[in-house]
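Dear colleague,

Please find below the structure that I am handing over to you.

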Amino acid sequence: MPKYKSAEVGVQMPSDGIVEGYASTFDRTPDSYGDVIAKGAFARTLDEWRAKEGDGLSIPLLYGHNTDDPMHNIGRVTDAHEDERGLFVHAEFDADNELAQYARKLAAEGRLYQFSFAYSIRDAAEVQNDGHYDYELRDLDLYEVSLVQIPANQHAVVTSIKGGGAGLKSGRRNSKAD
């Protein structure tokens, strides 16, 4: 499986805590837009992000897809790969960003526990799925991953919060199903 892992080059962002989970899933349950994601849909874009490592670039971790306010850029994805369940991400919170640390606190408390991602479509098609038609996304350009209150894919969840101060549970899980 193609894997993206950010480089240890360029300006190092101080980190205070990490978050892990699924930014997308391959479970064939349509999201709120009627889309399903095909296995392999992120392969090319993760390879392209890997090629940017030498320039010190990484996939941004945003709060709520807000690209207009730099304070909503709350960290960076340090590892992303597809597994059987979906697109798994490992991200660091920015220690110098107050909003990042508040988002980390909310995630640790279970009040902010879902992911989403921004993308454009390279390849997609309508497919029959359980007696109805859905739009299958087969090749995507990934722009960012966000912690969100309400994702399009209800199965895109935080599975672990680690580090970053008192009261933060290592390996926190949202439910037995996670």
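Predicted model: local features only at pLDDT ≥ 70, side-chain atom pairs only at ≥ 80, totals over all residues.

The largest nonpolar core comprises 33 residues, and Phe42, Phe115 and Val145 touch the most other members. At least two residues of this core come from each of strands E2 (15-25), E5 (73-82), E6 (86-94), E7 (114-129), E8 (132-148) and E9 (158-162), and from each of helices H1 (43-51) and H2 (98-108). Leaving aside residues up to four places away in sequence, Val145 touches Ala23, Ile59, Pro60, Leu61, Leu62, Val77, Val89, Phe115, Ser116 and Phe117.

Strand E8 is mostly covered, with 12 of its 17 residues buried. E8 pairs with E7 in the antiparallel sense over 15 bridges; within this pairing, Ala125 has Glu136 as its bridge partner. The two strands form a hairpin with two residues between them, and Asp130 in the turn has a positive phi of about 55 degrees. Strand E3 (residues 35-37) runs parallel to E8 and is joined to it by three bridges, Asp35 being partnered with Tyr135. Strand E4 (residues 60-63) is likewise parallel to E8, again through three bridges, and Leu62 is partnered there with Ser146.

In helix H2, the buried residues include Ala100, Gln101, Ala103, Arg104, Leu106, Ala107 and Ala108. Asn97 caps the N-terminal end of H2, where a side-chain oxygen lies 2.8 Å from the backbone nitrogen of Leu99. Just after the helix, Gly110 adopts a positive phi of about 80 degrees.

With kind regards

Note on methods
Residues numbered from 1 in each chain as written. Heavy atoms only, no water. Core = buried A, V, L, I, M, F, W, Y, C linked by side-chain atoms within 4.5 Å. Buried < 20%, exposed > 50% of the residue type's maximum accessible area, 1.4 Å probe, protein only. Helix = DSSP H or I, 4+ residues; strand = E, 2+ residues; numbered from the N terminus. Contact = heavy atoms within 4.5 Å. Polar contact = N/O pair within 3.5 Å; in protein donor to acceptor, adjacent residues only side chain to side chain. Pairing = 2+ DSSP bridges.
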